[in-house]
Amino acid sequence: MANPKQRFFFLHFTILTTLTSFVVPLLLPESLPSELQTLDIATELATDPVSMSSVATDFGNLSTSFPAAVFYPSSPNDIAKLIHFSYMSTKPFTISPRGVGHSINGQTFAPNGIVVDMLSLGHGHYESCTIVTEGPFPYADASGEQHWIDVLNATLKHGLMPRIFTDYLYATVGGTLSNAGIGGQAFRQGPQISNVYELDVITGTGEMVTCSRDREPDLFYGALGGLGQFGVITRARIALEPAKKMARWVRLIYTDVKLFTSDQEKLISIEKTSSGFDFVEGQVILSEAQVPGIKSSFFSDSDIEKITQLAAQNQGPIYLLEGAAYYDDSAVNFVDVNVKLLLEELNYESGFAFSRDVPLVDFLDRVHYEETVLRSLGLWLVPHPWLNLFVPQSKILDFDSRIFKGILKENKAAGLILIYPMNRRKWDDNMSVAIPTEEVFYGVSFLWSAVANDLDILQNENNQVLSICEDYKLRCKEYLPHYTNPADWQKHFGRKWSKFVARKQKFDPKALLSPGQQIFRQLQPS
């Protein structure tokens, strides 16, 4: 006979189970089919205020949209079941995967649909990252929800690392691969989507497909840079290379944009890593008021004072060229000579070359240091009216004249303006992402933080930038694009649009996936 304690727990479990059987149907909103509660994955759905609020905004902090429910899968198969159910239902609903929510403009929203919390996969029971070192091409099989910092740490244990990183390592693998994944190594290695061998993708019909350049290539090329329109990336086979231990981190200051861009283009033309930088980026500093924003852990107080004085004297933008050469302890002398020779060929302001030697992991994860500081000041989760563009090489000086020296001349807002060139030949044109047609093009990112009631001003300036690009035919392409109607999306993709539409019809015929992008809103379930 059961003892009193056992009887209590049995009675408590019975009551809880009985209540749950009545409560679950009541928690499902009308926009979701009632049959959803009969699935074995129904227990992974949540509609409580905390869950709903956690996905109702993103890093942009510019808009809010609540889904009908949040889904916390424990395996990719759970996601496949959810999508297949919606696809087969007489009352289909939209589904949007969400990693860390580092996107902007509501691109991971699913109004009246279901947001899939991809990070919950990391708490499931399947391998997140497997490193294979045998064979001529080592690789990492990383799950889609995994942070790039975790992939880096896993690969470093084998003396390896991915070929390219975005500046922020706490974004997810699936998230950056759905866009492109650019950073300072892209001039040599191409974007992250050019360094993937294979994907596991769950399509808009709920089919789980392994694809590559040779196996289901249409889905492979479509998903890479496809803005989540053709499937949910749950695994990526990522190309690796030997890791180095240290980075010689160099920052050079310019007052002449022609010399600045010319030197950047010279550096990205050097093919061999042994004789050039492994990383090339740059920044635009509009005035002396913005100089303190570049300090981070790199510049000393005296460095900042010196640069501020130069900016004040220049009475216009100054430019910061950033480079890094990776090396091991045994190659210190070689790096000394190599960097010295590189700097002798560059035309920066005399006396304004700054250098630091830092562990490579610290260099790659440098933005996380900034995040820690900003979070401590309550300045990380402020509105971020970001604008990211690709600008053709032939238009970059015109862009500088009309934007940096024009409409942004008086701008003193917090944030960074990144600017650096890339080589088009390192991109695979079969992939979905749209880029300029010129061989060299620049990534220009306005990474504003609205901390002084200047959100409306910054958004207005972003609109002016886009208008100038259009009015003066600068042929810019938006990166992480945001449009609200098919005509603008068609213009964005240009000659790739018909293939993009065909892939949507093939892999997500009911337009269930990633509705927040608003590409196929006329096809989405109402």
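A residue counts as buried when its relative accessible area is under 20%. By that cut-off, Glu322 and Arg251 are both buried in this predicted model.

In E13, Ile318, Leu320, Glu322, Ala324 and Tyr326 point one way. Tyr319, Leu321, Gly323, Ala325 and Tyr327 point the other way, and both sets are buried.

Two strands that pair with E13 can be described in turn. Strand E11, residues 246–254, pairs with E13 in the antiparallel sense over 9 bridges. Within this pairing, Trp249 has Ala324 of E13 as its bridge partner. Strand E12, residues 279–285, also runs antiparallel to E13 and is joined to E13 by 7 bridges. Here Gly282 stands opposite Leu321 of E13.

**Salt bridges**

Side chains of opposite charge can pair when their charged atoms come close. The whole structure holds 28 salt bridges, including the pairs tabulated below.

| Salt bridge | N to O distance |
|---|---|
| Arg248 – Asp357 | 2.6 Å |
| Glu322 – Arg251 | 2.9 Å |
| Lys504 – Asp508 | 2.6 Å |

The Glu322–Arg251 salt bridge links distant parts of the chain, with Glu322 in strand E13 and Arg251 in strand E11, 71 residues apart.

In the salt bridge between Arg248 and Asp357, Arg248 lies in strand E11 and Asp357 in strand E14 (residues 353–359), so this pair ties together parts that are 109 residues apart in sequence. Arg248 has a relative accessibility of 9% and therefore counts as buried. Asp357, at 39%, counts as partly exposed.

For the Lys504–Asp508 pair, the relative accessibility of Lys504 is 3%, so Lys504 is buried. Asp508 is buried as well, with a relative accessible area of 0%.

**The four-strand sheet**

An open sheet is formed by 4 strands in the order E1-E2-E4-E3, with mixed pairing. Strand E1 (45–46) and strand E3 (95–98) stand at the edges with a single partner strand each, so one side of each has no neighbour in the sheet. Strand E2, residues 69–71, and strand E4, residues 114–117, pair in the parallel sense over 3 bridges. Ala69 has Ile114 in E4 as its bridge partner.

Note on methods. Residues numbered from 1 in each chain as written. Predicted model: local features only at pLDDT ≥ 70, side-chain atom pairs only at ≥ 80, totals over all residues. Heavy atoms only, no water. Buried < 20%, exposed > 50% of the residue type's maximum accessible area, 1.4 Å probe, protein only. Pairing = 2+ DSSP bridges. Salt bridge = Lys/Arg side-chain N within 4 Å of Asp/Glu carboxyl O.
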